[in-house]
Amino acid sequence: MKLETVLKLPGFRTLVKGDPGREISRIFCCDLLSIAMGKAPADGVWVTVMGNRNTLAVASLTDTACIVLAEGVSLDDGTLKKAGAEGIAVLSTDLPVFDAALAVYQAGDL
């Protein structure tokens, strides 16, 4: 599945577009940054409620393709600009973490 599929999901707001042509490898759900640092898959969609600059740092370190912020969480403008510069897509949804991950899973063949 390509990132463009995730960017078009209903109920998801695109905050940073990233590279729509990027392949997505897996979905990963975690709110503990130290675990995400060691286990988030490269080219993955990371679903979390952790909306801070450290989330972006971990996504960059793990080569995450997309961060989905669940429960209506967002990032500050400076962090969003940095995500754009690093090519990391950022989306926000009001859905809970599980429902957001399920929507991504059902949209593609992961």
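Which residue in β5 is the bridge partner of R13? Select R13 and S92: S92 is that partner. Helices (H or I, at least four residues) and strands (E, at least two) are DSSP runs, numbered from the N terminus.

This is a predicted model, in which local features need pLDDT of at least 70 and side-chain atom pairs count only at pLDDT 80 or more, while totals for chains, interfaces and linings use all residues. Residues are numbered from 1 along each chain as its sequence is written, and side-chain values use heavy atoms, with hydrogens and water left out.

Next, select strand β1 (residues 12-16) together with β5; the two pair in the antiparallel sense over 4 bridges, where pairing requires at least two DSSP bridges between two strands.

Now select β5 alone, residues 89-93. Of its 5 residues, 5 are buried, so the strand is largely enclosed by the rest of the structure; buried means under 20% relative accessible area (1.4 Å probe, protein chains only). A89, L91 and T93 point one way, and V90 and S92 the other. In a regular strand, side chains alternate between the two faces of the sheet.

Finally, display the whole sheet. It is open, with 5 strands in the order β1-β5-β4-β3-β2 and mixed pairing. β1 and β2 (27-29) are the edge strands, each pairing on one side only. To view the β2 end, select I27, which stands opposite V45 in β3; β2 and β3 (residues 45-48) pair in the parallel sense over 3 bridges.

Key
Buried means under 20% relative accessible area, exposed over 50%, partly exposed in between (1.4 Å probe, protein chains only).
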